[in-house]
Amino acid sequence: MGSYRLRAQVAQGLALSVVLLAFLIVLFPYLWLFLTSFKPPALLSRPEVVRFTPTLVHWREVLGSDFPRYLGNSVIVGVVTVLIALLAGAPAAYAFSRFRVGGDRARFGVLIAQMVPPTVLIVPLFLLMYHLRLLDTLIAVIAAHLTFILPLVTWFLIGFFDEVPRDLEEQAMVDGCTHWQAFYRVVVPVIRPGIAAAALFAFVLSWNEVFFALLLTGGDSKTLPVAIAGYWTFRGIEMGKMSVAIVVAIVPVLVASFFIQRHLVKGLGGGAVKF
Amino acid sequence: MSELYRSSTNTSSGEGQASRWGLSFPYRLVAPLAFLLIAVLIYPLLFSFWVSLHDYTLTRLNDVRFVGIGNYARLLRNADYWVAMRNTLTFVILAVSLEFLLGFGLALLLHRALPFRDVFRSVLLTPMFITPIAVGLMFRFLLNSQLGIIPYLIRSLTGRSVDWFGPELALYSIVLIDVWQWTPFMLLLLLAGLESLPREPFEAARVDGASGWQMIRHITLPLMRPIILAAIIIRMLDAFKVFEYVYAITRGGPGSRTEVIQYHIYRVGFRFFRMGEAAAMAYTLVLITLLLTIVLVYTLRKEAR
């Protein structure tokens with residue numbers, strides 16, 4: 001019995017150290033970036049120096065440039081895209097879940113729609129926006145982001161609607177609600193956590209998207225990732241500014257991720273996978 | 001239940017009753033989504049296919065000629081296209097296998113009762129939420145031969161200098177970056193899968209004296225098969241679209257060692273403006289995507305039953 005317990009303790013210790021190693025590998029880049037964003041310009045080319053007097057020079061420079069405008073653009077694009085996707089996606093997801101509109105084929109159509117490679121859409125979207133004179137506007141990016149956010153949000157919510165018992169809306173309808181009222185007064189509030197997770201996750205995906213944004217925006221209409229991609233040249237001080245830009249872009253997402261994680265698996269399963 | 005649904009047709013928006021637009025309630029719920037998807041997805045897909053059948057160059061828009069399958073036929077002899085395809089396949093296979101092995105290993109470890117388990121899990125999952133362009137730049141900076149901390153540490157420990165983005169290693173470095181960012185996705189799905197497994201087979205096996213490895217091999221793996229397949233296919237679909245790391249770090253180089261298909265299409269379409277050719281290449285990618293998705297749907301269906 002003693003040797004069994006010893007073996008179990010060794011196994012536990014090994015497991016813990018492997019997980020701890022993975023944990024450090026994940027954390028290290030974040031910490032390094034954070035550190036670099038406060039590093040004096042003269043020390044940026046010396047990776048071995050980790051003790052220095054922190055400076056706010058990079059932060060001041062980035063926040064004093066056009067960067068906050070790009071940040072604002074990303075917020076606008078994300079919020080508008082997510083709102084449209086929820087308004088169109090939630091009722092549709094409910095219909096797919098309750099009435100099996102279009103059957104399995106419609107459900108899987110929604111799944112496939114998320115998988116369409118952006119390269120096949122960018123050519124027509126670019127030409128379309130060019131002809132509509134919408135290139136370099138936020139409308140162009142919003143339209144492009146809807147191509148994957150719409151099916152994603154719909155797919156995400158199907159799984160949540162599937163779990164709402166039918167009695168709820170039936171009771172509401174017996175009490176005199178129309179079906180539409182039963183949907184938005186009774187069913188929607190029940191899956192509020194699912195809707196919140198879908199909205200946050202969709203916002204994060206829009207916030208992170210760079211391929212469409214790179215080709216459809218420019219100048220004042222740049223989104224955050226496009227602005228970050230602009231720090232491509234590695235000349236001296238640029239690295240400090242790049243670190244600031246990345247820290248600003250990822251901190252909100254990291255915070256949001258803790259809220260999303262709990263609901264992500266059910267959402268990604270879309271009612272097809274029962275975990 | 002179905003009776004109640006039928007009896008509710010006398011309410012103003014009963015689902016059996018056609019509205020003034022001739023759509024019943026369920027279809028009215030779907031209509032806005034359908035309309036938007038046709039506008040932003042179906043129409044561009046058809047337009048793109050039309051472009052792929054034409055000699056369509058952005059700088060010569062008044063001279064667009066129908067070439068039938070000409071763009072597709074030329075791909076067969078287009079060496080650049082095949083180099084990009086080979087790079088992409090190498091990338092997808094290496095990255096997804098590593099992500100699966102690491103993700104499954106970590107999922108098994110995190111399935112145990114470890115101290116601070118929830119903290120570890122939450123932090124380990126974070127990389128998948130970050131914008132890939134930032135991940136690319138972050139590692140470009142960490143791995144930079146002169147300015148990066150990692151080459152510095154390797155230099156001071158072994159005395160050797162490694163050029164992470166040189167001709168030999170560049171593609172593999174991109175693979176490692178993808179592994180850093182996307183192993184969490186595997187971990188997320190596989191851990192959820194492990195947590196949903198029934199307990200009885202494991203308890204029975206333990207009573208029969210099975211070892212840990214035997215249980216993983218004969219119980220965990222067979223039970224997890226559909227989830228594992230789904231996780232791998234979803235990751236493959238995503239990995240085929242790799243673009244950001246290449247854009248952020250190597251821009252296809254050195255030479256064409258990291259020229260992946262998505263980046264190649266971007267260059268042909270938006271640097272050389274040969275949109276017909278780019279659209280044809282993109283459609284070959286759609287074909288691969290479609291095949292993988294069909295396998296995925298088949299897997300998910302089997303799982304749902």
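This is a predicted model: local features need pLDDT of at least 70, side-chain atom pairs count only at pLDDT 80 or more; totals for chains, interfaces and linings use all residues.
Two residues are in contact here if their C-beta atoms, placed from the backbone, lie within 7 Å. By that rule, and leaving out residues up to four places away in sequence, Ile228(A) touches Ala245(A), Ile246(A) and Ala249(A) in its own chain as well as Ile133(B), Ala134(B) and Leu137(B) in chain B.

**The nonpolar core**

- The largest nonpolar core has 175 residues, and those with the most contacts inside it are Ile228(A) and Ala245(A), two residues that also touch each other.
- Helix α6 of chain A, which runs over residues 138-162, gives the most to this core, with 18 residues.
- Because domain 1 (2-57) and domain 2 (58-269) of chain A both give residues to this core, the core lies between them.

**The two domains of chain A**

- Chain A is divided into domain 1, residues 2-57, and domain 2, residues 58-269, and the C-alpha centres of these two domains lie 32 Å apart.
- Nine residues from domain 1 of chain A and twelve residues from domain 2 of chain A take part in the contact between them.
- On the side of domain 1 of chain A that touches domain 2 of chain A, the largest share, three residues, comes from helix α1 (residues 2-36) of chain A.
- By class, that side of domain 1 of chain A has six nonpolar, two polar and one charged residues.

**Where chain A meets chain B**

- The contact between the chains takes 74 residues from chain A and 81 residues from chain B.
- Helix α12 (residues 238-269) of chain A supplies twelve residues, the largest share of the side of chain A that touches chain B.
- Sorted by class, the residues on this side of chain A divide into 60 nonpolar, ten polar and four charged.

**A pair of helices from different chains**

- Two packed helices are described by the angle between their axes and the distance between the axes.
- The axes of helix α5 (residues 118-131) of chain A and helix α2 (residues 25-52) of chain B come within 8 Å and cross at roughly 90°, which means that α5(A) is roughly perpendicular to α2(B), since angles of 65 to 115 degrees count as roughly perpendicular.
- Helix α5(A) makes this contact with Val120(A), Leu121(A), Val123(A), Pro124(A) and Leu125(A), while α2(B) brings Pro44(B), Leu45(B), Phe47(B), Ser48(B) and Val51(B).
- The residues of the contact of α5(A) with α2(B) divide into nine nonpolar, one polar and no charged.

- Phe273(B) lies in the loop between α12 and α13 (275-304) of chain B, and although Phe273(B) is not a glycine, its phi is positive, at about 60°.
- Phe273(B) is partly exposed, because 15 other C-beta atoms lie within 10 Å, whereas a buried residue needs 20 or more.

**Other single residues**

- Asp136(A), in the loop between α5 and α6 of chain A, has a phi near 65°, a positive value in a residue other than glycine, and with 15 C-beta neighbours inside 10 Å it counts as partly exposed.
- Val67(B) lies in the loop between β2 (65-66) and α3 (70-76) of chain B, and Val67(B) is partly exposed, with 17 other C-beta atoms within 10 Å.
- Not counting residues up to four places away in sequence, Val67(B) touches Leu53(B), His54(B) and Asp55(B), and the C-alpha atoms of Val67(B) and Gly276(B), which are 209 residues apart along the chain, are separated by 9.5 Å.
- Leu109(B), in helix α4 (residues 79-110) of chain B, counts as buried because it has 20 C-beta neighbours inside 10 Å.
- Leaving aside neighbours within four places in sequence, Leu109(B) is in contact with Ala15(A), Val18(A) and Val19(A).

Technical notes. Residues are numbered from 1 along each chain as its sequence is written. Chains are lettered from A and ligands numbered from 1 in the order in which they are written. Axes are lines fitted to C-alpha atoms, for helices over the stretch in contact, and angles run from 0 to 180 degrees between N-to-C directions. Helices (H or I, at least four residues) and strands (E, at least two) are DSSP runs, numbered from the N terminus. Angles under 35 degrees count as roughly parallel, over 145 as roughly antiparallel, 65 to 115 as roughly perpendicular and the rest as oblique. Ala, Val, Leu, Ile, Met, Phe, Trp, Tyr, Cys and Pro count as nonpolar, Asp, Glu, Lys and Arg as charged, and the others, Gly among them, as polar. Domain bounds come from an automatic or database domain assignment. A residue is buried if 20 or more other C-beta atoms lie within 10 Å of its own, exposed if 12 or fewer, and partly exposed in between; C-beta atoms are placed from the backbone. A nonpolar core is a set of buried Ala, Val, Leu, Ile, Met, Phe, Trp, Tyr and Cys residues joined through C-beta atoms within 7 Å.
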